[in-house]
Amino acid sequence: MKAAFKWFKNNAVAVVLSFVFVIIYIIKEFKPEINDILGSCSLKFINGEYYRWITSSSLHYGLYHLCGNIIGLLAVGSLISPFIGKWKTLFFFYCSDILGGIAFSWLVSSSEPTYGGGASGGIFALIAVLIVSYLRFPERFKFKWYRIDVLTVIVYFFIANDNWSSFLTHTLGFAFGIVLSFAFVIFGVIKNRANNESLSA
């Protein structure tokens, strides 16, 4: 019970975001038009509605999409959030997802406004942060390779790229996650706290 409470406390960002995703998904099932209000699109059809780059991460299309992203988010959140903290986890998720969404809207063109969404860009950004943090501070991460959350992140990383659009979204999120986390390490915003115990088990 104590371990479960500690997990929820450390992984609060991923848990709260997951609840938001579920709520938005339920609303979308009854009100499909929410997709046209919150979804992202190409710059040609953005019409000044730049909030879409924030809200689109909450939209999911089908239970497979929703459950896959929730599982991936909870897994990577449990690995990185205890090290960088809740606010930095939230920052990396949304900032990288927004930057990736802007780049995606600029790169992709269409003859009609096709609205998209999903949290995978932000999740791939957190995976990037985890990799950068692990390479810089390996002594803090004493993970067994067969830990369920480690294995989940590895599997998610490889199987989530099931189409060209997903691959581009993930690549952009991952790239911005690498750049931002590398900058945070260089400027000491992400640093090793030697007095804290290693993230093990």
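Hi everyone, let me start with a cysteine: Cys67 is partly exposed, at 39% relative accessible area (buried is under 20%, exposed over 50%, partly exposed in between, with a 1.4 Å probe and protein chains only). Cys95 is partly exposed too, at 22%. The disulfide count is 0, taking a disulfide as a pair of cysteine sulfur atoms within 2.5 Å.

A word on the source: this is a predicted model, where local features need pLDDT of at least 70 and side-chain atom pairs count only at pLDDT 80 or more, while totals for chains, interfaces and linings use all residues. Residues are numbered from 1 along each chain as its sequence is written, and side-chain values use heavy atoms, without hydrogens and water.

Now to the helices, which are DSSP runs (H or I, at least four residues) numbered from the N terminus. The axes of helix 6, residues 86-107, and helix 9, residues 164-186, come within 8 Å and cross at roughly 130°. Axes here are lines fitted to C-alpha atoms over the stretch in contact, with angles from 0 to 180 degrees between N-to-C directions.

Which residues of helix 6 and helix 9 make the contact? Among them are Cys95, Leu99 and Phe104 of helix 6, and Leu172, Gly173 and Phe176 of helix 9; contact means heavy atoms within 4.5 Å.

On the other pairing, the axes of helix 5, residues 63-84, and helix 6 come within 8 Å and also cross at roughly 130°. Leu73, Ser81 and Ile84 of helix 5 meet Lys86, Lys88, Thr89, Phe92 and Phe93 of helix 6. Thanks, everyone!

Terms used. Helices (H or I, at least four residues) and strands (E, at least two) are DSSP runs, numbered from the N terminus.
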